[in-house]
Amino acid sequence: MNTISLDTQHLARFMGDSQLEALLPEVLNAKKTLLEGNGKGADFLGWVPLPEDLSPQIVADIKADVQRLSSKAKVFVVIGIGGSYLGARAVIEALQSEFAPLHREGGFPLVVYAGHTLSEDYYYELMNLLEKEDYAVAVISKSGTTTEPAVAFRMVKAHMEKKYGRSEAASRIVAITDARKGALHDIAVQEGYRMYVIPDNVGGRFSVLTPVGLLPIAMAGFDIDNLLQGARDMRKLCVQNDDFDNNPALLYAAVRNVLYRNGRKVEMLVNFEPRLRYFSEWWKQLYGESEGKDGKGILPHSLCFTTDLHSMGQYVQDGERLMFETVMSVAKPQHGAAIPWDERNLDGINYLQSKSLTEINHNAELGTILAHCDGGVPVMRIELPEINEYILGQLIYFFEFACGVSGYVLGVNPFDQPGVEAYKKNMFRLLGKPGYADK
Ligand code: PA5
């Protein structure tokens with residue numbers, strides 16, 4: 001099977017089948033609300049049909065831009081924050097070599113990120129890199145007014161215009177923003193930048209399958225057709241099936257809510273493949289921003305195993321029983337790496353020599369799951385046949401659909417984020433932004 005699935009066998013001692021079955025009507029009701037678009041936040045459901053609805057012309061335009069820009073750029077700077085950058089980074093880091101900055105393949109530029117931090121040292125180092133390398137830029141902001149990417153873009157734009165001249169700089173910049181309004185929209189129109197639109201009805205954290213994610217992913221050399229195909233195939237499963245056996249998104253949404261009602265307030269998304277670490281960052285935004293409101297919501301947390309077993313393992317095994325664990329379990333590696341035989345066996349690990357690293361990693365995973373269950377942590381596994389564009393497309397849609405359903409079961413509006421504004425008001429007042437003195 002080339003489809004992701006959810007393994008719940010290790011949950012048996014933490015929740016009865018009857019609890020799950022009892023939640024099915026609520027889950028189906030949430031699914032109906034999502035598909036009929038008559039619940040809270042219904043103005044932001046443009047992502048639901050997205051993998052089918054995305055115009056082939058947009059995909060063709062993205063590919064043409066990749067050809068045009070990759071011929072003249074060694075570095076591609078993606079400027080954006082939150083939903084305007086995490087999806088692209090999640091997919092790119094899952095697919096590219098861990099050593100991509102040192103070891104480029106295939107003639108595609110190295111994607112680097114800006115606008116996601118206000119660190120001065122970060123920008124000093126970025127500018128040093130951009131001084132030396134030819135580069136192009138995607139500046140991504142739905143509102144077009146977010147401070148962090150605006151600051152980054154002002155610096156990068158000024159550098160580009162000095163380095164290449166205004167007209168050549170303009171040809172190296174792509175703006176992805178609102179169709180009609182916002183400072184970024186206005187700058188892009190005035191400067192004549194290539195533009196893509198973020199649909200009004202797609203919120204940032206649900207926008208990875210729009211140009212927001214697709215352009216950077218394609219610039220990094222990855223196959224966006226397969227990514228979209230994976231999402232389309234998962235969408236069919238999610239929309240057509242009303243039972244837990246055939247709809248992993250409904251099952252995941254239900255399990256989370258049963259465990260939450262049973263007192264589990266923290267979900268740890270765990271991987272045994274470090275290249276999935278940014279997938280966890282994307283997932284944390286998706287679930288944290290969608291569900292953490294009205295004094296409710298599971299706190300999304302993430303760990304990379306086996307690395308973090310040597311730091312956080314103690315707490316997970318023996319600390320307060322707040323959490324449950326969702327393991328992203330990858331069946332097959334992309335490549336092989338053998339452990340050599342050593343005649344002297346001074347390190348005592350010859351017993352591992354006939355095994356593949358994946359077999360060892362899978363045994364670490366099973367050993368961890370059994371230990372954590374014994375320690376009182378409910379564990380479920382998302383089984384990924386391998387890591388490629390098609391499977392990641394499925395995983396994205398699976399998490400998005402489950403998030404919408406889960407948020408409605410929780411009783412919140414999964415598609416707003418009023419809490420994100422609070423720090424901005426304080427920051428603007430502290431920095432003396434006009435109009436914020438009395439806020
Ligand atoms: O999901 C969200 O809405 C947020 O995380 C936004 O994506 C983030 O704040 C960036 O906003 P914008 O794209 O308007 O710059």
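Colleague: Let's start with helix H12: how far apart should its ends be, and how far apart are its end C-alpha atoms?
Modeller: Helices here are DSSP runs of H or I with at least four residues, strands are runs of E with at least two, and both are numbered from the N terminus. The expected span of a helix is 1.5 Å times one less than its number of residues. H12 has 15 residues, so it should span 21 Å, and this agrees with the separation of its end C-alpha atoms, 21 Å.

Colleague: Before we go on, at what pLDDT do side-chain atom pairs count?
Modeller: Residues are numbered from 1 along each chain as its sequence is written, and side-chain values use heavy atoms, with hydrogens and water left out. The model is predicted: totals for chains, interfaces and linings use all residues, local features need pLDDT of at least 70, and side-chain atom pairs count only at pLDDT 80 or more.

Colleague: Happy with that. Is Gln285 buried or exposed, and what is its relative accessible area?
Modeller: Glutamine 285 sits in H12, which runs over residues 277-291. The classes are buried for under 20% relative accessible area, exposed for over 50%, and partly exposed in between, using a 1.4 Å probe and protein chains only. Glutamine 285 is therefore buried, at 12%.

Colleague: Which backbone nitrogen does the side chain of Gln285 reach?
Modeller: Contact means heavy atoms within 4.5 Å, and beyond its neighbours within four places in sequence, glutamine 285 is in contact with Gly82, Gly83, Leu86, Arg205 and Ser290. A polar contact is a pair of N or O atoms within 3.5 Å; within protein, one must be able to donate a hydrogen and the other to accept it, and residues adjacent in sequence count only if both atoms are side-chain atoms. At 3.1 Å, the side chain of glutamine 285 reaches the backbone nitrogen of glycine 83.

Colleague: Which helices and strands do the buried residues of H12 pack against?
Modeller: The buried residues of H12 include Tyr278, Trp282, Trp283, Gln285 and Leu286. Their partners among the helices are H4 (86-95), H11 (248-261) and H15 (389-410), and among the strands S7 (266-271), S8 (299-304) and S9 (323-330).

Colleague: Now to the ligand: how much of its exposed area does the protein bury?
Modeller: A backbone N or O atom of glycine 83 lies 3.0 Å from an oxygen atom of the ligand. An N or O atom in the side chain of serine 141 is 2.6 Å from a ligand oxygen, and a backbone N or O atom of lysine 142 lies 2.8 Å from one. Taken alone, the ligand exposes 380 Å² (Shrake-Rupley method with a 1.4 Å probe; for residues, only the protein chains shown count as cover). Of that area, the protein buries 88%.

Colleague: How many residues of each class make up the shell around the ligand?
Modeller: A residue is near the ligand if one of its heavy atoms lies within 4 Å of it, and 13 residues surround the ligand, with Ser84, Ser141, Thr146, Gln285 and Glu289 the closest. Ala, Val, Leu, Ile, Met, Phe, Trp, Tyr, Cys and Pro count as nonpolar, Asp, Glu, Lys and Arg as charged, and the others, Gly among them, as polar. By class, the shell has one nonpolar, nine polar and three charged residues.

Colleague: What is the phi of Asp294?
Modeller: Aspartate 294 belongs to the loop between H12 and S8. Its relative accessible area of 58% makes it exposed. Phi is positive here in a residue other than glycine, near 55 degrees.

Colleague: Last one: which residue does a cis peptide bond join to Phe305?
Modeller: The bond has an omega of about 5 degrees.
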